[in-house]
Amino acid sequence: MDYSDKLTQSIQSVKPSGIRRFFDIVNEMDNVISLSVGEPDFQTPWHVRQAGITSLEQGRTWYTPNRGFKELCREISNFYKRKYNLTYDPTEECVVTVGGSEAIDIAIRCLVSRGDEVLIPQPSFVCYEPLTIMAGATPVIIETKAENAFRLTPEQLEEKITDKTKLLILPFPNNPTGGIMERDDLEAIAKVIRDHDLMVLSDEIYSELTYEGKRHVSVASIDGMRERTVVINGFSKSYAMTGWRLGYALGPKEIISMMVKLHQFCIMSAPTTAQYAAIEALRNGDVDIENMRNEYDMRRRFVVGSLNEMGLTCFNPEGAFYCFPCIKSTGLSSEEFCTRLLHSKRVALVPGSAFGESGEGYVRLSYSYSIQHLIRAMELIRDFLKELKDESNG
Amino acid sequence: MDKLLQLLSENSSLTTAQLSLMLGEPEDYIKAQIAEYENSGVIRGYQAVVNWDEVPDAGVMAMIELKVAPQLQKGFDEIAERILEYDEVESVYLMAGSYDLLLTVKGKTIQDVSSFVAKRLAAMNGILSTATHFMLKRYKEKGVSLIDAKKDGREMIF
């Protein structure tokens with residue numbers, strides 16, 4: 001049977017994830033030293049797991065309210081006040097979702113439709129473009145540059161705005177570059193956003209993982225931006241809770257109420273056990289975040305320093321747990337580099353091109369691994385570069 | 001706690017170059033710090049964490065509780081210092097609680113350890129009583145789990 005006229009044009013036009021294709025090759029091989037996984041290596045802190053277990057022991061296995069437990073929304077609201085000095089009404093301006101991913105999806109679907117353009121800075125996480133297409137809107141890519149520390153500049157933003165532009169995705173701290181946006185950067189783009197009456201989806205899932213004393217600033221905390229921003233965050237990265245599938249969105253009640261409407265029809269409510277665990281995480285987990293951040297920071301310094309020493313120029317990442325070294329000096333494309341490194345040394349990185357065309361010439365390296373693992377991987381990458389060099393000399 | 005000491009106590013095979021990157025301090029500074037710790041006696045040595053349960057003929061290990069009569073002026077120090085001279089003794093701690101000194105002692109066989117306790121320790125002046133506990137299995141040593149290494153359970157997704 002020919003399904004091409006049964007399936008929608010939009011889903012068929014979505015390109016499969018470039019990371020996926022590379023992972024399929026990695027999965028076929030044994031003894032691979034991987035630096036490719038995009039989730040914390042830490043397990044969820046034990047007291048948080050315990051809260052989930054206790055809720056199960058007590059038989060709390062029903063749906064929660066559509067927008068999430070009141071108590072959880074209250075703790076999320078407290079968290080945003082405590083960490084980023086933003087005030088959201090827990091009863092009307094918060095919705096708990098199945099990971100940050102669902103929040104991104106329903107926010108995009110509530111904010112754009114056919115004929116609208118969505119601005120997506122790249123390199124960035126792979127979901128924004130497909131979800132925009134599925135909402136019927138048109139993705140417009142803005143390529144961030146290494147020379148700007150992979151930040152979004154007002155000039156780049158202005159250049160891509162048309163009378164159809166409706167929404168800007170702001171994915172900072174950024175996967176895969178590790179780039180962040182500081183207050184000055186946000187103020188500069190906020191003016192353009194206000195002048196053109198755009199909305200912003202601020203994906204802040206890595207907000208707790210910033211380094212060198214540069215604490216995350218939410219674009220919603222910039223003057224006049226709260227009313228035009230949907231903030232997305234979650235528990236996966238900050239509390240090492242990826243498998244619990246829990247995220248949330250914060251924003252003006254007019255938008256959140258529409259997102260809740262969509263959420264209740266497509267999801268009903270986010271996982272109950274995970275919500276109990278998340279309440280505990282928000283109440284007593286600040287110290288866990290601090291410990292994990294310190295550990296990531298040490299690995300970050302080690303990896304960035306090692307890469308620079310071996311001649312893979314690495315922009316200093318100030319957020320998330322990735323670094324994004326430039327491999328142009330090798331003369332290879334990012335996919336060739338990763339494929340050859342994988343076959344020669346069994347080290348798996350992700351080609352930068354998987355995160356958008358502007359990622360070509362770079363590779364993503366996750367340092368969410370033990371220091372022993374990272375030391376070994378750095379030795380192998382060093383050997384690989386030497387081989388490449390000998391090859392070109394010989 | 002000093003981060004450098006913490007890292008070395010977890011893994012003394014880290015090189016000064018690696019420590020310098022990890023801590024964001026110049027390598028010379030790290031070297032000087034380590035030298036200072038070694039000279040002042042804060043760092044007393046560098047050891048591997050061995051799972052002796054997996055080494056054939058590695059011998060036996062016992063924890064021994066000692067009740068001791070403290071001596072005038074010297075308290076427990078003098079007897080502790082005499083005990084630590086024995087090669088069989090791996091560690092000596094002064095404890096609060098129902099006994100005074102806790103030793104870990106190693107030997108080739110149970111008989112060796114028993115004979116060491118009976119003939120050497122129990123016979124020393126000032127030792128009031130001993131209680132020997134033989135170690136059956138090691139689960140964790142110096143902060144390192146000795147049960148099978150956990151595999152990375154993370155799946156390859158994007």
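V230(A) is buried, with a relative accessible area of 0%, where buried means under 20% relative accessible area with a 1.4 Å probe, protein chains only. This is a predicted model, in which local features need pLDDT of at least 70 and side-chain atom pairs count only at pLDDT 80 or more, while totals for chains, interfaces and linings use all residues. Residues are numbered from 1 along each chain as its sequence is written, and side-chain values use heavy atoms, with hydrogens and water left out.

Visitor: In which strand is V230(A) found?

Guide: Strands here are DSSP runs of E with at least two residues, and helices are runs of H or I with at least four, both numbered from the N terminus. V230(A) touches, among others, L111(A), V200(A) and I255(A), not counting residues up to four places away in sequence, contact meaning heavy atoms within 4.5 Å. The strand that holds V230(A) spans residues 229–234 of chain A and is β7.

Visitor: Which element gives the largest share of the side of chain A that touches chain B?

Guide: The contact takes 26 residues from chain A and 16 residues from chain B. The elements of chain A that give two or more residues to its side are α2 (18–27), α11 (286–309) and α13 (371–393). The largest share, 6 residues, comes from α11(A).

Visitor: How many salt bridges does the rule find across the interface of chain A and chain B?

Guide: A salt bridge requires a side-chain nitrogen of Lys or Arg within 4 Å of a carboxyl oxygen of Asp or Glu. Across the interface of chain A and chain B, the number of salt bridges found by this rule is 0.

Terms used. Chains are lettered from A and ligands numbered from 1 in the order in which they are written. Buried means under 20% relative accessible area, exposed over 50%, partly exposed in between (1.4 Å probe, protein chains only).
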